[in-house]
Amino acid sequence: MPEKQGEGKTYITLQYLSRLALWVYFRKIKIICRTPVPAEGPLLIAANHSNMVLDPIVLIATFPHSRPCHFWALARFFRIPVVGQILKAAGVLPVDTKTHSNAKLFESTIQSLDQGAVVALFPEGTSYTAPNHLPFKDGISWASFEYLTQLANRKDGPKTISIIPVGITYSTKNRWRSEAVVEYGDPIIQRVDDLEAFHNDPKSIVKNLTDRIAKGVERSTINSPDWDTTNAAKEARFVLFGDSRGVRLEEYVHVSQSFVGLFHPEQTEGKKGLYQKERIELKERLLMFSKKLKSLRLNACDISMYENQEITQTKATLKLLSTWIGLLIQIPFFLPGIIINSPFYLLGRLIDSYEPYTESVAQDKLIFSFFLALPFYSTLICLLWKLTGYGLFSLLCVCMLLPIFAWYHMALIDKNYDMLKQVIASWRIFIAVTTGTIGVDTDWTHSREALEECVRLHRWCRDHTKLLIFNLAKAGDSQAKYLVDYGKPLFKSLEEEEEE
């Protein structure tokens, strides 16, 4: 079988690099397929686009059956020497936005679909950082109807095209070693028979299809009407279940969206929401809790050990000593990797400090790390080869040793990174308890008081979040019922109290 355009060695190399990038950047990725994705045949893919170049990397690396994905790019880029050849080899499809003919606009797309390819698009058109997705553009809908029109003019062959909504969710998209969930949703099947309605009212039918695609993506992502609702929901999840690792990744989106539903303005404004007063008060307290934690540079997990006990000098000291000792025991195992890879960690810190757009941080880290890795590891190989006497066998050993060392470093880094964060948090708490100040934030001159207030707020928010969810579940709220079922052990005491 002849090699398809953009699905040869260049794309295979791109797949390997994408998988390597995800392995380095993320702690864990969960791939979910609501419906089995076909191993062959034409497909249109519609995904949300909140994280710049990382989003196409995720699709390239995770698409079922390792099927190549073809993305759109403006036709003018293909006229640039070298760049155009690379784009073609990588399977990118040119789109001429200056033409007024749909047949010309989607010419490359139709040709790829005719060959049974996967065409993956981001209907929002640009990347962003917002509590909900941007409005979807109609390009994918027009492309699907143009393809159906081509199919209708043929006697043989397929008479349908499937559009698969894909939700890409990041626990913290700009943070190294975070988590991601990729959910391939239920397909939207468009048939040649749909062309009759399309020809009668094309704009309306296209808009309806775009809305269906957007809703399909919404079902697989977290969407909130505003930042206050997002932050309150995130803090409530943190207080109840811990950080993102306290929630099973396959349930992460559903759990997070259920918390968003608790504090949605539709439930806190007007007259139709149950327990409105309780929701509003809890939302305000959660936002206050979040603000105070941010000022202290701590998170809910850092102070969770004190939720049922008083913060004392002894407890703060013991916590600091235990975390330090745990880290010191591990230092001989992971310090060499930290030292060798320190330029990459410093680069990440610089990007965090100077990149103004959150959606560009992960992209910058990956791109700059890639270009730094080439000369850095080449130099390291040469130095090690020199130290071992420039022999052929020593070169092979060095080349084999580096990947093994990289795997060893990645296997240890997550646990030790968490331990380091615990040490830093324990130190801040110890300083606050010992001196009364953190010594960093001049706005907080009585940090011990602020810390104690955070602990009280944490306890109050935890108890009232559980009570509100439990009462809403009894009243028949579907999202609250789901949360009670998911976190059943947490609500056992409330169930026992009710039975008594």
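Cys461 is in no disulfide either, with the nearest cysteine sulfur, that of Cys454, 9.8 Å away.

Before going on, a word on the model: it is predicted, with local features needing pLDDT of at least 70 and side-chain atom pairs counted only at pLDDT 80 or more, while totals for chains, interfaces and linings use all residues. Residues are numbered from 1 along each chain as its sequence is written, and side-chain values use heavy atoms, leaving out hydrogens and water.

How exposed are these residues? Buried means under 20% relative accessible area, exposed over 50%, and partly exposed in between (1.4 Å probe, protein chains only).

| Residue | Relative accessible area | Class |
|---|---|---|
| Cys33 | 37% | partly exposed |
| Cys461 | 0% | buried |
| Arg297 | 42% | partly exposed |

Now for the helices, which are DSSP runs (H or I, at least four residues) numbered from the N terminus. Their axes are lines fitted to C-alpha atoms over the stretch in contact, and angles run from 0 to 180 degrees between N-to-C directions. Angles under 35 degrees count as roughly parallel, over 145 as roughly antiparallel, 65 to 115 as roughly perpendicular and the rest as oblique.

Take α14 (residues 313-340) and α15 (residues 342-354): their axes come within 4 Å and cross at roughly 65 degrees. That makes α14 roughly perpendicular to α15. Where they meet (heavy atoms within 4.5 Å), Ile338, Ile339 and Ile340 of α14 touch Ser342, Pro343 and Tyr345 of α15.

Helix α14 also packs with α17 (residues 392-435), at an angle of about 150 degrees and with the axes 8 Å apart. The two are therefore roughly antiparallel to each other.

Finally, the loops. Most residues other than glycine have a negative phi. Arg297, not a glycine, has a positive phi of about 60 degrees, and its place is the loop between α12 (276-296) and α13 (300-303). Tyr390 isn't a glycine either, and has a positive phi of about 60 degrees; this tyrosine lies in the loop between α16 (358-387) and α17.

Definitions and conventions: A disulfide is a pair of cysteine sulfur atoms within 2.5 Å.
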